[in-house]
Amino acid sequence: MFRFSLEQKEFISTNIHGRYVLELTSIFNEKFDLEIQPSQMRAFIKNNGLKSGIDARIKPGSIPPNKGKKKLWTGGEDTQFKKGHKPHNYVSVGSERVNGDDYVDIKIADPNMWRGKHLIVWEQHCGRSVPKGHAVIFGDGDRRNFDPDNLILVTRGQLAIMNKRGLIENDAELTRSGIILADIIQKIGERKRRC
């Protein structure tokens with residue numbers, strides 16, 4: 001760990017005004033024949049509450065330096081996005097993708113709103129939205145089987161018990177039996193806590 005001497009501290013204090021960290025680090029290293037990093041200089045400045053007088057941010061209420069000036073850059077117009085232009089990787093609403101958890105998602109709105117296909121299929125079949133605190137699972141465990149009879153609504157509590165006890169099977173009827181077992185396990189747990 002580098003420790004600044006008293007002379008070095010005074011040098012930084014007197015030379016910081018109007019200089020950025022990189023410039024200050026460069027002249028400091030030249031003066032004292034050292035090779036400290038800009039991060040070390042930045043830490044010293046911060047720890048000692050020093051200010052360079054340069055503020056890159058525009059404070060609220062102040063007038064930006066480029067106000068009223070037009071086109072301060074050169075080139076680049078050909079590569080800028082035009083209004084109404086869509087990027088090369090744009091996908092339309094209704095498109096499907098497989099997410100990182102291996103569920104199929106459907107794009108439901110722009111710019112980037114996706115929803116699980118199994119949730120949409122279940123809601124269309126049942127005519128209502130998935131209630132809060134509930135989940136829709138695949139009865140046979142196959143995340144590509146969107147048959148409404150294979151999609152089962154469970155509470156988050158039931159799902160936690162079913163995952164912990166391995167009650168989601170390869171058969172939708174066995175999984176439905178697992179839901180009943182999860183309810184029994186949940187009731188037993190509630191009884192034990194009351195005693």
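Modeller: Start with one definition. A helix here is a DSSP run of H or I at least four residues long, and helices are numbered from the N terminus. Keep in mind that this is a predicted model.

Colleague: Take helix H6, then. How many residues apart are lysine 187 and glutamate 190?

Modeller: First the general idea. An α-helix has 3.6 residues a turn, so residues three or four places apart point the same way. Now the case. Lysine 187 and glutamate 190 lie 3 residues apart in H6 (residues 172-194), which puts about one helical turn between them. They form a salt bridge, with the closest N and O atoms 3.8 Å apart. The cut-off is 4 Å, from a side-chain nitrogen of Lys or Arg to a carboxyl oxygen of Asp or Glu.

Colleague: Are the two partners buried or exposed?

Modeller: Lysine 187 counts as exposed, at 53% relative accessibility. Glutamate 190 is partly exposed, with a relative accessible area of 27%. The cut-offs explain the labels: buried is under 20%, exposed is over 50%, and partly exposed falls in between.

Colleague: How many salt bridges does the structure hold?

Modeller: The structure holds 8. Two more examples follow. Aspartate 110 pairs with lysine 107, the closest N and O atoms being 2.9 Å apart. Here lysine 107 is buried, at 3% relative accessibility, while aspartate 110 is partly exposed, at 40%. Glutamate 123 and arginine 115 also meet, at 2.8 Å from N to O. Glutamate 123 is buried, with a relative accessible area of 17%. Arginine 115 is partly exposed, at 28%.

Colleague: On to the sheet. In what order do its strands run?

Modeller: Strands of a sheet pair through backbone hydrogen bonds, either parallel or antiparallel. In this case, 3 strands form an open sheet, ordered S1-S2-S3, with antiparallel pairing. Strand S1 (96-98) and strand S3 (113-116) are the edges, each pairing on one side only. From one strand to the next, the twist averages 40°.

Colleague: Over how many bridges do S2 and S3 pair?

Modeller: Strand S2 (residues 104-109) pairs with S3 over 4 bridges, in the antiparallel sense.

Colleague: Now helix H1. Which of its residues are buried?

Modeller: Gln8, Phe11, Ile12 and Asn15 are buried in H1. Look down the axis of H1: these buried residues fall within an arc of 95°, so they line one face of the helix. They pack against H2 and H3. The face turned away from that buried side carries Leu6 and Thr14, both exposed.

Colleague: Which residues make up the largest nonpolar core?

Modeller: A nonpolar core joins buried residues of nonpolar types through side-chain atoms within 4.5 Å. The largest one here has 12 residues, including Phe4, Phe11, Ile12, Phe28 and Phe44. Helix H1 (6-15), helix H2 (21-32) and helix H3 (38-47) each supply at least two of its residues. H2 gives the largest share, 4 residues. Phenylalanine 44 touches Phe4, Lys9, Ile12 and Leu50, not counting residues up to four places away in sequence. Apart from this core lies another, of 10 residues, among them Leu159, Leu167, Ile179 and Ala182.

How values were computed. Residues are numbered from 1 along each chain as its sequence is written. This is a predicted model: local features need pLDDT of at least 70, side-chain atom pairs count only at pLDDT 80 or more; totals for chains, interfaces and linings use all residues. Side-chain values use heavy atoms; hydrogens and water are left out. Two strands pair if DSSP finds at least two bridges between them. Axes are lines fitted to C-alpha atoms, for helices over the stretch in contact, and angles run from 0 to 180 degrees between N-to-C directions. Buried means under 20% relative accessible area, exposed over 50%, partly exposed in between (1.4 Å probe, protein chains only). Contact means heavy atoms within 4.5 Å. The arc is that of the directions from the helix axis to the C-beta atoms.
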